[in-house]
Amino acid sequence: MLFKSKIKWFALVTLLVSSASILVHLHLARYSREDIVQIRSTSLLDDDFTLKLGKHTMRYKKLWGSIKSLESLQPFANPRSKYPVPNEKNNGFIYAKIYGGFEKIQSAIVDLVTVARLLNATLVIPEIQESGRAKGISSRFKSFSYLYDEEQFIAALVNDVIVVRKLPQNLQEARKKKKISTFSPKNSASPDFYIRDVLPKLKKSFVIGLLISEGGRLQSILPSSMAEYQRLRCRVAFHALKFRSEIRDLGLRIVERLRAFSQPYLVFHPGLVRDTLAYHGCAELFQDIHTELIQYRRAQMIKQGIVHEELSVESHFQRKNGSCPLLPEEVGLLLRAMGYPSNTMVYVVGSETFGGQRVLIPLCAIFTNLVDRTSLCSAKELSDLIGPETPLPSDLPRSPPANLSEKELIGEWKKAGLRPRPLPPPPARPIYRHEKEGWYGWIAEMNHEPDPSPADLRLRAHRLLWDALDYIVSVEADAFFPGFNNDGSGWPDFSSLVMGQRLYEMASARTYRPDRKTLIGLFDDIKEHMYHPKRNWTFSVREHLNKSLSEDGLMIASQLSKPNLFLSHPLPECSCRTSGFVKGTRPIKGSPSELLYTSLDVCPEWMQRGLETISIKDTNMEGEVADESELLGDDADMEEQPESNQGGSTSESDDEMDPDD
């Protein structure tokens, strides 16, 4: 009995202790939950606080900050020697027709103004064929005013070239009767060609015409004695050629909407254009019908004498040689290796991306915030930019009139359109445009590319507007990455124009200048494990891309880009340097910095005084937030990694890197 009562007491005590323990744990759990909620809310406040001071964190500076060594480069395209104002009593008038897309138009107009100055002639505002009335554009615009501001163009060049809207009446009559000499100068023609061959005809007839189809018509690098003509090019490209107000306003609204996400944004231009891919023989990088389309265009170029190589070339060899574009997937991996997080805002530019949205899917998987103009503009905003246009004729076939003879019925049958093959032509309706698989449906129906339809011609005009919008967003971007620039074709390209204007306006902005040949070699090293590369591969990518941002990248660009397109590298003619270089330091003798800066003129005093005032304000702002940013325990220390692998490979370097690290 005594034994049993002890067991009961023991069980009772155990039950009480267990109950007390449960109550204590519940009590602690409640306070722990409150602490967790409090910590989480504090973390959110810290994130918001860090966001406000983001521009002063080490991580921000490494990914988005300006390049300190280039901050002394300033835009300065003013004349620096005797520069007489043009006189109305000159050698005559020059008018021009410009063919091609946005890049060729921009480059051609710049060279056209320079040629007019060289020949001491009055320039008639050029006709842009892609936006002519034959393309069915809105009646509100002429060809030039569809894209550019005519008033700004004329006013900005008043001290350089006399610009008029049209020829005098008597010369217009002579032009209609085809009594005026026209020239189609070859690409990169020398100044001697214009002085020797064009000027005598201009003086004789008082007017000449120029037909421009491949962009610039004046050689890129002029003699040192013609430095003022190079500066004129910069004044035309970066000051006189302004888009019409509707384009500028919408472009800046896109930039504001990107900034509204409270984070910087990066612009990526794929550079996947059918003509360029065909020129270099990059067909095998694509599949199925896209390969066939590139090869067909290459065959056309061979017939036209544009390409002097074989139809079929080894695309993978061209890729290793750097003659083919970086694919969007590869660019995504490069940016992740640089340290850009997966939620980085990436804006994709380009009115034509060959292969369509399909080729952008891998990049979208790497960077979830992938946007373009269509995702940031409403359909109404884009249609307002185009203006009211007359409706196009319907593609639907008309029924043949009744009571036709047999011969007339056969004629109507032949005009009805294409029938499916290889079956014999049945008495059925033709294939409508909306039933074809994209714009390349013709390739399954005929052996030659059809002439562009009215809708195709109108689309080409619209692309000028889309490229203009993207150009504005690209110039204003916090970082710019080209997928394909300086391809060696001699044609101007979108990325090179953007890079040149960014270099002119804000040389210290982050503009990547990748060497595709080097990067393709790095990708070949990890082709078996692209998404889990070794750590030393990441270091090599960072070292290469960081060098491309600095003086090393500028020196290489001056050797590769400038001979093809002056506007891609308007140094040293259109820039100056502050006298103190960077924070009073001098470049090392024989270094890229020394070679770059010694060829530049010193900025005038009025410019340096203004820059010093701005620099003092920025320094004060940084000093105000320096102590506060230290309190945050800068999170960049956790993500900071070596920029290069100079010490050779180590055991740690051989570990695989998590792409989300």
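Reader: Hi! Is His 544 buried or exposed?
Author: His 544 is buried, with a relative accessible area of 17%; buried means under 20%, exposed over 50% and partly exposed in between, using a 1.4 Å probe and protein chains only. This is a predicted model, where local features need pLDDT of at least 70, side-chain atom pairs count only at pLDDT 80 or more, and totals for chains, interfaces and linings use all residues. Residues are numbered from 1 along each chain as its sequence is written, and side-chain values use heavy atoms, with hydrogens and water left out.

Reader: Thanks! Which helix is His 544 found in?
Author: His 544 sits in helix H20, residues 535-549. Helices (H or I, at least four residues) and strands (E, at least two) are DSSP runs, numbered from the N terminus.

Reader: And what is His 544 in contact with?
Author: Leaving aside neighbours within four places in sequence, His 544 is in contact (heavy atoms within 4.5 Å) with Pro 514, Asp 515, Thr 518 and Leu 519. The His 544 side chain also reaches the backbone nitrogen of Asp 515 at 3.1 Å.

Reader: Switching topic: how many residues of helix H12 are buried?
Author: In H12 (residues 328-338), 10 of the 11 residues are buried. Among them are Pro 328, Glu 330 and Arg 336.

Reader: What follows H12?
Author: Gly 339 does, and its phi is positive, near 115°.

Reader: Last one: in what order do the strands of the open sheet come?
Author: The order is E1-E13-E14, with mixed pairing; strands pair if DSSP finds at least two bridges between them. Strands E1 (73-75) and E14 (601-602) are the edges, each pairing on one side only. E13 (residues 575-577) and E14 run parallel, joined by two bridges.

Technical notes: Polar contact = N/O pair within 3.5 Å; in protein donor to acceptor, adjacent residues only side chain to side chain.
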